[in-house]
Amino acid sequence: MLRRLHGLPGLFAALFLTTLAITGAILALAPAIDRAAAVVPAAGEVNVAELAGRVVAHYPGTEQIARNPSGGVIVYYSHDGQPGADLVDPSTGEGIAPYEPSAFFTWIKDLHRSFLLDDPGRMLAGVMAAVMLLICISGIFLLVRRTGGWRALFRPLAGSGGKRLHAELARFAVLGLLLSALTGSYLSAQRFGLLPEPPAPGPMFPAEVSGGQPAPVATLSALANVDLTELRELVFPYPDDPQDVYSLTTSGGSGFVDQATGELLKFQPRPAASVFQQWIISLHTGEGLWWLGLILGAAALTVPVLSLTGITLWWQRRRSSGQLPDNAAGSEAEAIILVGSEGNTTWGFARALHTSLNKAGFRVHCSEMNALAEHYPHASMLFVLTSTYGDGDAPASARQFMARLGDFRPGERLKYAVLGFGDRQFPNFCQYAREVDTALAGKGLRRMHRVELIDRSCTTRFREWGNKLSELTGTPFSLAYDPLPPPTLKLELVERADYGLAVQAPTSILRFKVSQQGRRRRLLPRARKALPTFEAGDLLGVMPPQGQDARIYSLASSATDGILEICVRKQQGGLCSGYLHGLKPGDQIDGFIRHNPGFRPATGNTPVILIGAGAGIGPLTGFIRKNTERNPMYLYWGGRSSQSDFLYQPELGRYLEDNRLTGLNTAFSRSEERAYVQDKLRQDEIAVRQMIKAGAQILVCGGRNMASGVKQVIEEILQPLAIDVETLRAEGRYLEDVY
Ligand SMILES: Cc1cc2nc3c(=O)[nH]c(=O)nc-3n(C[C@H](O)[C@H](O)[C@H](O)COP(=O)(O)O)c2cc1C
């Protein structure tokens, strides 16, 4: 609901909002430009009588003196029957330049206020301001949901690509945009009579005027009592009319001054409503607050990018839910399917379940687990399909599920079934699905069926689970789903570097390129060289030669490096690692890329702490290689011996020199120090705690035992901060790639 409230108005209004934002950003420069052109004396330096005397000396036909909100003083005069206007220097009264409102700014202002369409355009602009208000408010709530709470709103954001750019820009600009939208909506509502306009200021013309001989303007006491900084305008009396008076408007109110006695005849302070109105105008335009104008302008400039990334995200989401026709709203559905996935394979199974239940006549709602609603009023069945990541952790689309479960109010009739997807090669097989099952039971929900666990996307087990559900619900339906095997690439080994033999930890860095032979059907020579897109931290699936299931390795390179680089430790009796270690340059393998967006370092100035052991250094080195922005990055890495298995030693040395790596701390377990990476973290306890306090993100990559040892030490380090690893994890600040 919140996402729709944010996305739909944004989508329809993107073009208008972009026009409003760009014109608004240009107009926001006007106060600063006006200010730069004006000569502005300090408060108390010049009073209005002095100013008027100086101006009249240079402009005998002065009719009006006005001071604009940026401090510039303008004289309107008549000379030989011709009207004129000049910007003047208030300390001398001399003209600086002819005053002529810029035709360009006037046109931009018309475009901003009414899309050049008079009243209908003004109305449209008002509606757009209200739409912007809605987008800003819903956007703030979406940001809070994404960061994991109000207190975490300014912490580094995880994720990458357009989604991240959208969230980062929105976070930077939202207050400015909110202020512009709020004040714009207010002014529009006032113009169209939805809100009262402030009363017209100013007293009635005075009944009693002395009518005496006019005194020189510089001697009028009422004008001498007003400082220039308070002046709005001074309108001169008609020449040769002793009954006429000076009309004076200041920031405090308006009144009349007798041209003979200099007495203030009547003065009416500005009503509070008019002061408020002026504040609204200043907050919208930056008038008189040039620095605010520049902030609002910078915020407005983000709108075109936010519109573009927003539309792209909407399109991507539509494409994935486009394969879910007839997805009912959560508030209407009888069956709810919630999906926890990182690499998207679970979505394929969820879609199959969605289609089958739809065919069986149920209204079905399917969404990610992070979008758990507070209540599903008509639902009697809840299916949770989730994979497990890291070391038994939640996948990306389920990270906020447990927190949201706190507010969940299950209906009386609601029963649930959890289906876990995982891989038995991991010790914590389907751990997260088990935890979800327990948590739902703890919430008082009744099980429709006990938790079932599916190893490596086994379609037979999925079908069996479907049959069971069909039996339990008394509705005939069958689940058939065959995930397409990922398209494989022929990869050719071009280089290898071997380490660790002397310490019984044979580990190799293997570099592959896409084989020309494997892509020979491509016609264009450029396309032949192309690699699919991937980043360091993504995964390479390798098919072992005897047709066994693929094994997954973390990539140490990104597509822009032009190669696929992995770091592989030879396992005792390991089929795939043995196969890879036996390769010679020129040999070919079959592989595929699986994206792993949940394991990426945050960008920005907050420190990133990389922790790994053995072959886990691969993706971590990839992150450092890509750190061309020189953001603070620290690496803690453990091996056996600096002589034998110090992987990437020369490369890391270069990165330390060129500041892509800020600090390197190594531990060697078979050297004299006999230290593990945990020991090094403990030694640096104070520095590590300080970095975490400053918002640091931690990425851990390597074997299970190392990861659990590291987690324990980090828990100890966190204790004085009264937070734990799980809190960091929920904020995207503790990421693991563990095998
Ligand atoms: C980095 C990584 C860590 C994983 N950790 C676990 C785990 O701890 N337990 C488990 O049962 N499966 C684990 N898996 C396997 C996935 O849960 C399994 O491949 C699942 O089908 C992926 O579904 P998804 O693509 O929808 O996320 C892991 C997979 C990867 C790539």
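Predicted model: local features only at pLDDT ≥ 70, side-chain atom pairs only at ≥ 80, totals over all residues.
Trainee: Which elements do the buried residues of helix H3 pack against?

Mentor: Residues are numbered from 1 along each chain as its sequence is written. In H3, residues 48-58, the buried ones are Val48, Ala49, Leu51, Ala52, Arg54 and Val55, where buried means that 20 or more other C-beta atoms, placed from the backbone, lie within 10 Å of a residue's own, exposed means 12 or fewer, and partly exposed is in between. With helices (H or I, at least four residues) and strands (E, at least two) taken as DSSP runs numbered from the N terminus, and contact meaning C-beta atoms, placed from the backbone, within 7 Å, the partners of these residues are strand E1 (62-67), strand E2 (73-79), strand E3 (82-88), helix H7 (221-224) and strand E5 (231-235).

Trainee: Where is Asp80 found, given its positive phi?

Mentor: Most residues other than glycine have a negative phi. Asp80, although not a glycine, has a positive phi of about 50°. Asp80 counts as exposed because it has 6 other C-beta atoms within 10 Å, and its place is the loop between E2 and E3.

Trainee: Is Ala722 buried or exposed?

Mentor: Ala722 lies in the loop between H20 and helix H21 (725-730), and its phi is positive, near 60°, in a residue other than glycine. Because Ala722 has 7 C-beta neighbours inside 10 Å, it counts as exposed.

Trainee: Within what arc do the buried residues of H19 fall?

Mentor: Helix H19 covers residues 685-693, and its buried residues are Val688, Met691 and Ile692. They line one face of the helix because, seen down the axis and using the directions from that axis to the C-beta atoms, they fall within an arc of 100°.

Trainee: What covers the buried residues of H19?

Mentor: On the other side of H19, Ile686 and Lys693 are exposed, and the helix is followed by Gly695, whose phi is positive, near 105°. The cover over the buried residues includes strand E21 (608-613), helix H18 (677-683) and helix H20 (704-718).

Trainee: How far apart are the C-alpha atoms of Pro427 and Tyr739?

Mentor: Pro427 is found in the loop between E12 and helix H12 (431-442), and it is exposed because 10 other C-beta atoms lie within 10 Å. Pro427 and Tyr739 are 312 residues apart along the chain, yet their C-alpha atoms are separated by 9.1 Å.

Trainee: Which residues around the ligand come nearest?

Mentor: The shell, whose members have a C-beta atom, placed from the backbone, within 6 Å of the molecule, holds 25 residues. Helix H10 (345-359) and strand E12 (415-422) are the elements that give two or more residues to this shell. The residues that come nearest are Ser341, Gly343, Thr346, Ser387 and Gly422.

Trainee: What pLDDT does the protein average?

Mentor: Over residues 518-529 the pLDDT is below 50, and this stretch has seven contacts in the model beyond near neighbours in sequence. For the protein, 93% of the residues score at least 70, and the average pLDDT is 88.

Methods: pLDDT = per-residue confidence, 0-100. Contact = placed C-beta atoms within 7 Å.
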